[in-house]
Amino acid sequence: MPRQTKRILVTGGAGFLGSHLCEKLISAKHEVLCVDNFYTGSKENVSGLLKCPRFELMRHDITFPLYVEVDEIYNLACPASPIHYQYDPVQTTKTSVHGSINMLGLAKRVKAKILQASTSEVYGDPEVHPQTEDYWGRVNPIGPRSCYDEGKRCAETLFFDYRRQHNLSIKVARIFNTYGPRMKLNDGRVVSNFIVQALTGRPITIYGDGKQTRSFCYVDDLIDGLMRLMGTGDEITGPINLGNPVEFTMMGLAETVIELTASKSSIDFKPLPIDDPRQRQPDISQARDALGWAPSVPLREGLKETIAYFDNLLRAEGTGAA
């Protein structure tokens, strides 16, 4: 019989998603090796795990090879917000491409199952709505977002080529907008931007007319989906969309945040960034059928938890709620 406790590598494990995943894996009694170069991750995110004997933290950049012995690999390493991935676009592409090659090579060597945290950005500015996994996308290959979009698309290519060429056990999750505690204050994502602006009494910045849509999944739901996908048999490879199929406009999100924070913030409209998608909504039929998964946390409940997190963070930094 296979042993119940697995040794699991989480790259990007000190980041927003990675730290939540590490906690869930530790609570499931696994041994976790958390690898992060701390470009966007932080030790504070995993500070609660440092005294656990089944948790190990390693500073490492996955664009360089890693030699460890593990049973499973969650490859989450890559800056995911436009501010961070556009700051050093060449390194962003290298993280997706070289990093994937290194992690796939490791999985091949130790015969580990490996999951790639891909993204809804592989669909670009989609002409199909909602987005299904068989849609090939509409991505600008030379725009300012391409380092992330095309890097993740190439990583998916590598995963499926390793599957075809080496019969590797792979999983590919296409993650849609996810939010929750441990998002960074300055990451430029819409949920954190709106909450921080509302809590500090600054105008809430909406790019475009506010009618563009996103679908927001609370972090606990997303992590559950990743673990369910990893737990499937080799016949299920994905790509599988993981996200909340309930669609919200940017204006609707801003109004909800203002209400929940009791903020007096005004709305400040600015031009839409280049290649910013107009619509983003996952079709999660495959996730429902293959994983028995669907999000369960309503947006208002998740926002309350996230607002409380940022409120505490701002107060600790001396820039508390207005």
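Asn-167 lies in the loop between helix H4 (residues 146–166) and strand E6 (170–175). Phi of Asn-167 is near 55°, a positive value in a residue other than glycine. At 61% relative accessibility, Asn-167 counts as exposed; exposed means over 50% relative accessible area, buried under 20% and partly exposed in between, with a 1.4 Å probe and protein chains only. The model is predicted: local features need pLDDT of at least 70, side-chain atom pairs count only at pLDDT 80 or more, and totals for chains, interfaces and linings use all residues. Residues are numbered from 1 along each chain as its sequence is written, and side-chain values use heavy atoms, with hydrogens and water left out. Helices (H or I, at least four residues) and strands (E, at least two) are DSSP runs, numbered from the N terminus.

**Backbone geometry**

- Most residues other than glycine have a negative phi, and most peptide bonds are trans.
- Lys-111 is not a glycine, yet has a positive phi of about 60°.
- Lys-111 sits in the loop between H3 and E5. Its relative accessible area is 74%, which makes Lys-111 exposed.
- His-129 and Pro-130 are joined by a cis peptide bond, with omega near -10°. Pro-130 belongs to the loop between strand E5 (113–119) and H4.
- The bond from Gly-238 to Pro-239 is also cis. Here omega is about 0°. Pro-239 falls in the loop between helix H6 (219–230) and strand E11 (240–242).

**Helices H3 and H4**

- The axes of helix H3 (residues 89–110) and helix H4 come within 8 Å and cross at roughly 15°. Axes are lines fitted to C-alpha atoms, for helices over the stretch in contact, and angles run from 0 to 180 degrees between N-to-C directions.
- H3 and H4 are therefore roughly parallel to each other. Angles under 35 degrees count as roughly parallel, over 145 as roughly antiparallel, 65 to 115 as roughly perpendicular and the rest as oblique.
- H3 and H4 cross in a right-handed sense: the near helix is turned clockwise from the far one by less than a right angle.
- On the H3 side, the contact residues include Pro-89, Val-97, Ile-101, Leu-104 and Lys-108. On the H4 side they include Cys-147, Lys-152, Leu-158, Phe-159 and His-166. Contact means heavy atoms within 4.5 Å.
- By class, this contact has 11 nonpolar, seven polar and two charged residues. Ala, Val, Leu, Ile, Met, Phe, Trp, Tyr, Cys and Pro count as nonpolar, Asp, Glu, Lys and Arg as charged, and the others, Gly among them, as polar.

- The buried residues include Val-190, Phe-194, Gln-197 and Ala-198.
- They pack against strand E7 (178–179), strand E8 (204–207), helix H7 (250–261) and helix H9 (299–316).
- Gln-197 has a relative accessible area of 11%. Not counting residues up to four places away in sequence, Gln-197 touches Arg-202, Pro-203, Ile-204, Thr-205 and Ser-265.
- H5 and H9 pack at an angle of about 55°, with their axes 10 Å apart. That makes H5 oblique to H9.
- The crossing of H5 and H9 is right-handed.
- Val-191, Ser-192, Ile-195, Val-196 and Leu-199 in H5 meet Leu-303, Thr-306, Ile-307, Phe-310, Asp-311 and Leu-314 in H9. The classes are eight nonpolar, two polar and one charged.
- Thr-200 is in the loop between H5 and E8. Thr-200 is partly exposed, at 23% relative accessible area.

**Nonpolar cores**

- A nonpolar core is a set of buried Ala, Val, Leu, Ile, Met, Phe, Trp, Tyr and Cys residues joined through side-chain atoms within 4.5 Å.
- The largest nonpolar core has 60 residues. Those with the most contacts inside this core are Phe-55, Tyr-74, Leu-226, Leu-242, Leu-253 and Leu-303.
- Helix H5 (residues 190–199) gives the largest share of this core, seven residues.
- Leu-226 touches Tyr-74, Leu-115, Ala-173, Ile-175 and Leu-242, not counting residues up to four places away in sequence.
- Another core, of 24 residues, lies apart from the largest one. Among its members are Val-68, Ala-77, Ala-112 and Ile-170.
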